[in-house]
Amino acid sequence: MQSSSSSSQTPAPVNILGCGRSAGAGVIYAIAVSQPVQSWTVLRSHDDFLELANALPPFASSSLPCPTLKGDAMVSQESMEQGRHELQQWLSTILYQPGVSDSAVMRQF
């Protein structure tokens, strides 16, 4: 999520703050991104995470596949929170893969 081309830099801290249900998009996640000069929050659906995983270079996405939603995630708050936790771990892990945090696909996400 940084614009620098150096892969040795630490990625910007990214935290999934919460999740909720949306009639049109399923489960939605609030993602906070923090950088030294600015911070922002974006909303992304679970499908957005799957699209990100498919767009990442093979070395990054094959090391840890994107978690899938459990069958009752649209009904159970506990399942949604478990999914949020799994996505947080996945996102944190892929951001440390060389070239991922400063890639165009990650910046667009």
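## Serine 103 and its contact

In this predicted model, the side chain of serine 103 reaches the backbone oxygen of valine 100 at 2.8 Å. This is a polar contact, a term for a pair of N or O atoms within 3.5 Å; within protein, one atom must be able to donate a hydrogen and the other to accept it, and residues adjacent in sequence count only if both atoms are side-chain atoms. Serine 103 lies in the loop between helix 3 (77-95) and helix 4 (104-108). Helices (H or I, at least four residues) and strands (E, at least two) are DSSP runs, numbered from the N terminus.

Serine 103 counts as buried because its relative accessibility is 13%. Buried means under 20% relative accessible area, exposed over 50%, and partly exposed in between, with a 1.4 Å probe and protein chains only.

## Basis of the values

Residues are numbered from 1 along each chain as its sequence is written, and side-chain values use heavy atoms, with hydrogens and water left out. As the model is predicted, local features need pLDDT of at least 70 and side-chain atom pairs count only at pLDDT 80 or more, while totals for chains, interfaces and linings use all residues.

## Strand 2 and its partners

Strand 2 (residues 26-34) is mostly covered, with 8 of its 9 residues buried. Strands pair if DSSP finds at least two bridges between them. Strand 1 (residues 14-22) runs antiparallel to strand 2 and is joined to it by 8 bridges; here valine 14 stands opposite valine 33.

Strand 3 (residues 39-45) also pairs with strand 2 in the antiparallel sense, over 7 bridges. In this pairing alanine 30 is opposite leucine 43. Strand 2 and strand 3 form a hairpin, with 4 residues between them.

## The aromatic cluster

Rings of Phe, Tyr and Trp (its six-membered ring) pair if their centres lie within 6.5 Å; planes under 30 degrees apart count as stacked, over 60 as edge-to-face and the rest as tilted. The count comes to 3 aromatic pairs. Tyrosine 29 and phenylalanine 49 have ring centres 5.6 Å apart and planes at 85°, so this pair is edge-to-face. The pair links tyrosine 29 in strand 2 with phenylalanine 49 in helix 1 (residues 46-55), 20 residues apart. Phenylalanine 49 is buried, with a relative accessible area of 0%.

Phenylalanine 49 and tryptophan 90 are also edge-to-face, because their ring centres are 6.3 Å apart and their planes at 65°. Tryptophan 90 belongs to helix 3, 41 residues from phenylalanine 49. Ring pairs link Tyr29, Phe49, Trp90 and Phe109 into a cluster.
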